[in-house]
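Subject: Structure handover

Hello,

Here is the structure for you to look over. My notes follow below it.

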Amino acid sequence: MRDLKNMRAFIVDDDPFWTAILQQLLEGLGFSKISTFESGEACLDHIHLNPGLIFLDYQMGNANGLDVLQQVKAYYPGIEVVFCTALEDLEVAISAIEFGSAEYLLKANATEQALADIIENFQKIHTV
């Protein structure tokens, strides 16, 4: 069984406020190995660190999170990706899931309980 809380987690977002909030929530859930990146390119430059979990923003400067998602999944399909966005866009949500994101999280709905539920669902998948 993979315990995601003991694996490295990446937060990929160009908004330092959101990154700080998400990092604090994850630390509250027991994550201790958290790496943050302001761009998809920086994330991909460090993908060799083999994160178990990536929180990936949709809109980052010049990058599109969907493109980064596809590259992450090409590197290793087993990385769990939570696609994070402030936009309620069904087309983007469908694309994210088609490209391999396991979860789609609206930033406005990000609470410690919502994250705990997502992590618990991932843990269940990996215990089957």
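Two strands count as paired when DSSP finds at least two bridges between them. Note too that this is a predicted model.

One pairing is worth a look in detail. β3 covers residues 53-57 and β6 covers residues 80-85. They pair in the parallel sense over five bridges. L53 has E80 as its bridge partner in β6.

Now go to K107. Where does K107 lie? The residue is in the loop between β7 (103-106) and α5 (112-127). Is K107 buried or exposed? Its relative accessibility is 18%. The cut-off for buried is under 20%, so K107 counts as buried.

What does K107 touch, leaving aside neighbours within four places in sequence? The contacts are D13, W18, D57, C84, T85 and A86. Two of these residues, D13 and D57, also form salt bridges with K107.

How many salt bridges are there by the rule used here? The count is two.

- D13 to K107: the side chains meet at 2.7 Å, N to O. This pair links distant parts of the chain, 94 residues apart. D13 sits in the loop between β1 and α1, and K107 in the loop between β7 and α5. D13 and K107 are both buried.
- D57 to K107: the closest N and O atoms are 3.3 Å apart. Here too distant parts of the chain are linked, with D57 in strand β3 and K107 in its loop, 50 residues apart. Both residues are buried. Through shared partners, the salt bridges join D13, D57 and K107 into one network.

The side chains of K107 and D57 also make a polar contact, at 3.3 Å.

Best wishes

How values were computed:
Residues numbered from 1 in each chain as written. Predicted model: local features only at pLDDT ≥ 70, side-chain atom pairs only at ≥ 80, totals over all residues. Heavy atoms only, no water. Helix = DSSP H or I, 4+ residues; strand = E, 2+ residues; numbered from the N terminus. Buried < 20%, exposed > 50% of the residue type's maximum accessible area, 1.4 Å probe, protein only. Polar contact = N/O pair within 3.5 Å; in protein donor to acceptor, adjacent residues only side chain to side chain. Contact = heavy atoms within 4.5 Å. Salt bridge = Lys/Arg side-chain N within 4 Å of Asp/Glu carboxyl O.
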